[in-house]
Each structure stands twice: as structure tokens, then as C-alpha cells.
Amino acid sequence: MVFVYRLLTKHRQQITSDAVYERAVLQVPHASRALDESLAQAGVDTEGLVTGTATADQQVRTALEQLEAVMSILRDRAAEGAVPPDVELNLARALMAERRWAEAAEHFDRYVSQVDADWEVHYVRGVAHANTRGGPPSDLSAWRAYNDAIALLPDDADPNSTARLFTYRGAMAKRLGRYDQAEADLQLARRHATTNYEITDIAYNLASVYAMAGRRDEALTELRTLRDRGGINVVHGHLDDYFSTLRRDPEFRQITGT
């Protein structure tokens, strides 16, 4: 009797905690499937996550909240790597659709640490790290993710997907101050690009690299390409960083309309 009394009083919290944890373990697969289904119904795919056009509707948000609530219990007690990889991936995709970049990147990292992920997962993981904008650490993580995606890219991949991957990796090299690497990646991307989005993004990033490297004339040449293709407005948000060396240049101001 004394033992039962102590069990129901002194150790009651531990018993309850065990019961809650066991219930959470059983709920995780169901909550993850519900989130996966809601993402599919909302049309959340790789292209939408990469371009930022994917959005989480109320059904996705509700499913995400339910899975996160269960996961908060599981994380406290589970051993490292105990969470199934598909759960990590679903969480990462939903968080990315919610623009919660740093959290999404964390779940993508956990996913790729458990499975041999394909190039698209590394691609989206790179975007999550890049959009975190946490300085050199997140930029380097993005660079590495893009590097993994490029290494796994199939030979028959769409040329513009190839162009975008090299553009994004070049953009991270640019942020890290590795201008030679950035230029090499961007010039390689240019060989594959055929759509206006890719061509203008490459011109913008090359103009940024040349401006920061003090190569004025080459920067202005890329800016003219950007202007002629209707993408010059993207420069206006970077007058104090990428284009700070040119912002008082009369020709720069004429090209960019600043």
C-alpha cells in the first residue's frame, strides 16, 4: 500500500510524462501524414518552395501546429535521430511555406543526416539556409547544400534548373566574398540559361560581384542587360551594400534610375 501511495503521489508526474510520451509516439505518423496530405492539396512543391510562391493555407497551418505540438513532446525525450526522416521532411516543407526559414533549414539538415537525399531536397535546403540570412554561417550552409544538389543533379536535368543551381551557389560565394568563385559559377550558369528569370538573375548577381570587386565597366555592362530585360528594380534595395561603390556614379544612376 505504501508503495502504491508513493507511486501515485511522488512519481505521478513521471508516470503521466511516460504516458504522454508514448501517446505522442503513436500520434506522430498520423500527424505527419495529415501534414503531407495538406501540403499536396495546397499545391506546395519544389518549384514553389524555391521561388517563394508556395503558401501555407489554413489546413496546412492547422496540420503543422498539430504536428509541432506532438513533436515538442517527442523532442524532449527522444534520442538523437529517433524522429522518422519523413516527419522531418514534412515539417521542413511546411515551415518553408510559412517563411520560417531557419526552422525549415534545421529540419532539412536533420532529414539529410538520416537519408541519402536527392538533389531537389538539397536544392530546397540551400534556399532555406540562404533565406535565413544569418550571415556567413547560414551562407556557408547554403553553399554546401547547393554543392550537394549540383553533385547529384542528373545528366538529363532541365538546363534552367542547372543554371539556377549554379546561380544560387554563385550568389552564396558572392555573399562570402569569394568573387572569383562566384564569377565562375555565374558564367557557367549563363551557358545553360534560356528563360528571362535565369538570365536576369545571373546579370544581377554578376553586376553585384563586379561592383564589389571594383570592376566598374563590367558591372555597368551587366546592369544594362538587367535594365533591358526589365529587372533593374532589384538593384534599388542594395544601394548600401552590393552597389555602394557605384551609387554616386552618374552612369550607374542613369542606368538604374536612382
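Let's start with the space in this structure: the largest pocket holds a volume of about 570 Å³. This is a predicted model, where local features need pLDDT of at least 70 and side-chain atom pairs count only at pLDDT 80 or more, while totals for chains, interfaces and linings use all residues. Residues are numbered from 1 along each chain as its sequence is written, and side-chain values use heavy atoms, with hydrogens and water left out.

A word on how the pockets were found. Rolling a probe the size of a water molecule over the atoms shows where empty space is left. Grid points are joined across faces, edges and corners, and the volume is the space filled by probe spheres set on the points.

Back to the largest pocket, then. Its lining has 25 residues, and Arg133, Tyr168, Tyr197, Asp201 and Tyr204 lie nearest the centre. By class, the lining residues divide into 13 nonpolar, 8 polar and 4 charged; in this scheme Ala, Val, Leu, Ile, Met, Phe, Trp, Tyr, Cys and Pro are nonpolar, Asp, Glu, Lys and Arg are charged, and the others, Gly among them, are polar. Helix 3 (46-51), helix 7 (119-132), helix 9 and helix 11 (196-212) each bring at least two residues to this lining, and helix 9 gives the largest share, with 6 residues. Helices (H or I, at least four residues) and strands (E, at least two) are DSSP runs, numbered from the N terminus.

Arginine 133 sits in the loop between helix 7 and helix 8, and its phi is near 50°, a positive value in a residue other than glycine. Arginine 133 counts as exposed because its relative accessible area is 54%, on a scale where buried means under 20%, exposed over 50% and partly exposed in between (1.4 Å probe, protein chains only).

The second largest pocket contains about 190 Å³ of space. Its lining is made up of Val44, Asp45, Thr46, Leu49, Leu89, Arg93, Phe108, Asp118, Glu120, Val121 and Val124. Two or more of these residues come from each of helix 3, helix 5 (85-97) and helix 7, with helix 7 giving the largest share at 3 residues.

Now zoom out to the whole chain. The protein chain has 13 helices and 0 strands. A compact globule of 258 residues would have a radius of gyration near 18 Å, but this chain has 23 Å; that value is taken over C-alpha atoms, and the globule rule is 2.2 Å times the number of residues to the power 0.38. The C-alpha trace spans about 90 × 40 × 30 Å along its principal axes. Of the 258 residues, 44% count as buried. The chain exposes about 13,400 Å², with carbon and sulfur atoms supplying 50% of it; these areas come from the Shrake-Rupley method with a 1.4 Å probe, and for residues only the protein chains shown count as cover. Among contacts (heavy atoms within 4.5 Å) between residues at least 6 apart in sequence, 59% join residues at least 24 apart.

A few individual residues round out the tour. Arginine 99 lies in the loop between helix 5 and helix 6 (101-114), and has a positive phi of about 65° although it is not a glycine. At 35% relative accessibility, arginine 99 counts as partly exposed.

Tyrosine 210, in helix 11, is buried, because its relative accessible area is 3%. Setting aside neighbours within four places in sequence, tyrosine 210 is in contact with Glu183, Gln187, Arg215, Glu218, Ala219 and Glu222.

Compare that with glutamate 65 in helix 4 (residues 58-77), which counts as exposed at 52% relative accessibility. Finally, aspartate 156 is in the loop between helix 8 (136-152) and helix 9 (159-175), and is exposed at 67% relative accessibility.

Methods: On a 1 Å grid over the protein atoms alone, a cavity is a set of points where a 1.4 Å probe fits but cannot get out, and a pocket is an open set with protein on both sides within 12 Å along at least five of seven lines; lining residues have an atom within 4 Å of a point.
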